[in-house]
Amino acid sequence: MLGSPITSPRPLIDDLLGRVAWDDARVIVEYGPGVGDFTHEILRRMNPEAQLVIIETNDEFVQFLREWLPDPRLHIVHGSAVQVGPLLQQLGCKQADYVISGIPFSTMPAVLRERILAATCSVLQPRGAFLAYQYSRRVSPSLNKVFGQVHRNFRLLGFLPVWLFHCRP
Ligand SMILES: C[S@@+](CC[C@H](N)C(=O)[O-])C[C@H]1O[C@@H](n2cnc3c(N)ncnc32)[C@H](O)[C@@H]1O
């Protein structure tokens, strides 16, 4: 169900979240929180006035997160990342400072992948960033097509290869 071989190890969480300017970020979106390893840490680091919107397709994870993380700054949405634009509008958020993603772009159809990435780019404020980790670099060409800047880093977590992407509109 997770679309990944493991839950997220601590070095991966620290590496990706280390790229966020926590003092300034007011609207943060997370795609595919799963069992909430990133969500929990985002809530710990983010400003008391910031809001976190998490979007998850799996109903069981949504129920679990609603019980586990009752934080007034957290909006838990049962839906797909492709709906991020209308979902943010419904919540009264015009744009996002950061979108953080753990969804498996490499295993979804290319059309859906590019729709999600285009929707993501369009909700980011001009100095905002899309931060994603992937266990394959297959998403790279789609990121290059959609975003103005794409930086990638490779990490080995034990024997597991992970790519970290840091993209700007
Ligand atoms: C690799 S897991 C995420 C693990 C999570 N980051 C953690 O540390 O526990 C991927 C998650 O993305 C969700 N997902 C897959 N496609 C999605 C989509 N289009 N929109 C939102 N969530 C999606 C899956 O249900 C799954 O929970």
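This is a predicted model: local features need pLDDT of at least 70, side-chain atom pairs count only at pLDDT 80 or more; totals for chains, interfaces and linings use all residues.
I started with the second largest pocket and listed its lining: Ala21, Asp24, Ala25, Asp97, Tyr98, Gln125, Arg127, Gly128 and Arg168.

β5 has the largest share, with 3 residues. I sorted the lining by class too and found 3 nonpolar, 2 polar and 4 charged residues. For the volume of this second largest pocket I noted about 170 Å³.

Then I turned to the helices. How do α1 and α2 pack? I looked up helix α1 (residues 10-17) against helix α2 (residues 37-45): the angle is about 50°, and the axes lie 11 Å apart. I therefore put the two down as oblique to each other. For handedness, I wrote down a right-handed crossing of α1 and α2.

Which residues meet where α1 packs on α2? From α1 I have Arg10, Leu12, Ile13, Asp14, Leu16 and Leu17, and on the α2 side they meet Asp37, Phe38, Glu41, Ile42, Arg44 and Arg45. By class, I get 6 nonpolar and 6 charged residues in this α1 to α2 contact, with no polar ones.

Terms used: Residues are numbered from 1 along each chain as its sequence is written. Side-chain values use heavy atoms; hydrogens and water are left out. Axes are lines fitted to C-alpha atoms, for helices over the stretch in contact, and angles run from 0 to 180 degrees between N-to-C directions. Helices (H or I, at least four residues) and strands (E, at least two) are DSSP runs, numbered from the N terminus. Angles under 35 degrees count as roughly parallel, over 145 as roughly antiparallel, 65 to 115 as roughly perpendicular and the rest as oblique. A crossing is left-handed if the near helix is turned anticlockwise from the far one by less than a right angle, and right-handed if clockwise. Contact means heavy atoms within 4.5 Å. Ala, Val, Leu, Ile, Met, Phe, Trp, Tyr, Cys and Pro count as nonpolar, Asp, Glu, Lys and Arg as charged, and the others, Gly among them, as polar. On a 1 Å grid over the protein atoms alone, a cavity is a set of points where a 1.4 Å probe fits but cannot get out, and a pocket is an open set with protein on both sides within 12 Å along at least five of seven lines; lining residues have an atom within 4 Å of a point. Grid points are joined across faces, edges and corners, and a volume is the space filled by probe spheres set on the points.
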